[in-house]
Each structure stands twice: as C-alpha cells, then as structure tokens.
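Colleague: I am new to this one. Could you show me how to read its features?

Modeller: Gladly; here it is.

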Amino acid sequence: MPDGVVDLARLFPAASAFAFEVGFGGGEHLAAQARAHPARGIIGCEPFLNGVAKLLTQIDENELTNVRVHMGDARDVMVRLPARCLAAVYVLFPDPWPKLRHHKRRFIQAQTLDELARVMTHGGELRLATDHMAYACWALSHLMRDERFRWSAETASDWRARPGDWPGTRYEQKALNAGRPCVYLRFIRQ
Ligand SMILES: C[S@@+](CC[C@H](N)C(=O)[O-])C[C@H]1O[C@@H](n2cnc3c(N)ncnc32)[C@H](O)[C@@H]1O
C-alpha cells in the first residue's frame with residue numbers, strides 16, 4: 001500500500017461502502033462477508049502469515065475481488081484511513097491479554113476507540129465477539145461510557161446468540177467445543 005491516507009476509491013474502484021476486519025485469523029468470517037456483500041470493499045488485517053495464506057486461498061477459490069489484505073497490525077492501517085469511511089468494523093475474538101500488566105495491549109482501548117470513532121460512518125456498526133468474560137466486561141465498560149457508540153442489544157439473546165448475518169470463526173468453534181460460551185456485541189456509531 002502506498003504511504004499516506006489510504007485511497008479507498010483507488011483500492012476498491014467498484015465498491016460503494018467499506019468494512020474492516022481486525023485479526024481475521026483463518027479469514028473464514030472475512031471471506032463470507034465478502035461473498036455476502038460484493039459491493040462492499042473489505043480490508044482485513046492479520047500479522048500471521050498462516051492466517052493470511054488461508055485467506056488468500058479463500059479469495060482465490062471464491063474469486064473475490066472486494067478484499068484487500070494487510071499483513072500486520074490493524075492500528076497501522078486505521079490511522080491512515082480517511083474519516084467516516086467504514087460502515088462495518090469486525091473485531092472477533094481479540095487476544096484477551098488476561099494479565100493485568102498486559103491490559104494495555106488489548107485492542108479495545110481509549111486510543112483505539114478514538115480512532116474507530118473517527119473512521120466509522122454515522123450509523124456504522126462495530127461487531128465484537130469474545131469468549132473471555134473479563135474482556136467482554138472490559139470492552140463494555142469502555143464502550144458504554146463512550147457517547148460516540150451505542151450498544152444495540154435489547155434482550156439477552158441479542159448478545160448471547162450469534163446473529164444469522166454474522167458468520168462464525170475458527171476460534172469461536174474452538175471456544176464452543178471447549179465449553180466456553182461466547183458473547184456477540186454490536187455497537188452503533190452515533
Ligand atoms: C484469538 S485470534 C482470533 C482470530 C479470528 N478473529 C477468529 O475469530 O478465529 C486473534 C487474532 O488477532 C490477531 N491480532 C492480534 N492483534 C492484532 C492487531 N493489532 N492487528 C491485527 N491483528 C491482530 C492475532 O494474530 C490473531 O490471529
């Protein structure tokens with residue numbers, strides 16, 4: 001990607017909206033979203049080569065033309081996105097960094113929320129999933145005191161069950177197989 005502000009129109013000449021996935025792992029969710037929304041350009045970020053290779057295979061097999069991949073830290077891309085460009089952001093099973101001294105490494109942080117608030121469109125949706133209940137509480141405490149985001153849940157089933165238009169991930173399946181329940185949080189940029 002050339003330096004400077006990311007030129008989304010150049011990156012995705014045929015797209016009418018844009019989405020962003022942080023830490024796509026094996027890429028199954030990202031590929032499914034790209035198939036479901038062919039008019040949406042999706043940028044996926046993942047530092048691990050194996051994950052990137054898996055996503056590239058799915059892009060190839062499904063002939064997806066609306067995906068761009070950054071092998072590295074999502075925050076490095078986020079700061080280069082123009083304001084109010086993302087209709088959807090996916091943060092699925094972020095590393096929980098359970099030790100207190102590592103909490104500063106968690107993806108959900110005041111600084112990241114500032115950046116997300118800047119790059120998301122009004123009405124844009126942030127989807128966050130985790131099987132780590134302390135991380136769920138951490139994310140909720142950050143996002144619920146932030147007036148720029150509104151948690152859209154109205155009943156418990158809204159966060160206990162994965163919505164139909166939210167494809168599953170490999171990590172989620174591992175958590176469920178191990179008997180760990182998952183939570184699915186949706187926030188709307190106000
Ligand atoms: C627990 S895994 C979940 C993977 C996938 N989302 C899933 O649900 O199967 C967390 C992933 O986030 C990636 N990751 C962690 N920090 C990241 C960052 N700052 N930017 C991009 N990816 C990141 C890790 O490499 C890892 O693949």
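Colleague: Which residues form the positive surface patch?

Modeller: A patch takes residues with over 30% relative accessible area and no salt bridge, joining like charges within 9 Å and nonpolar side chains (Val, Leu, Ile, Met, Phe, Trp, Tyr) within 5 Å. A salt bridge puts a side-chain nitrogen of Lys or Arg within 4 Å of a carboxyl oxygen of Asp or Glu. Here, Lys-99, Arg-101, Lys-104 and Arg-105 make up the positive patch.

Colleague: What should I know about the source?

Modeller: The model is predicted: local features need pLDDT of at least 70 and side-chain atom pairs pLDDT 80 or more, while totals for chains, interfaces and linings use all residues. Numbering runs from 1 along each chain as its sequence is written, and side-chain values use heavy atoms, without hydrogens and water.

Colleague: Where is Lys-99 found?

Modeller: Helices (H or I, at least four residues) and strands (E, at least two) are DSSP runs, numbered from the N terminus. Lys-99 sits in the loop between strand S4 (86-92) and helix H5 (110-119). Arg-101 lies in the loop between S4 and H5.

Colleague: Is Arg-101 buried or exposed?

Modeller: Buried means under 20% relative accessible area, exposed over 50%, partly exposed in between (1.4 Å probe, protein chains only). Arg-101 is exposed, at 56%. Lys-99 counts as partly exposed because its relative accessibility is 46%.

Colleague: How many helices and strands does the protein chain have?

Modeller: The protein chain has eight helices and seven strands. Of its 190 residues, 48% are buried. Its C-alpha trace spans about 40 × 35 × 35 Å along the principal axes.

Note on methods. Accessible areas come from the Shrake-Rupley method with a 1.4 Å probe; for residues, only the protein chains shown count as cover. Lys and Arg count as positive and Asp and Glu as negative; His and the chain ends are not counted. The place of a charge is taken as NZ of Lys, CZ of Arg, CG of Asp or CD of Glu.
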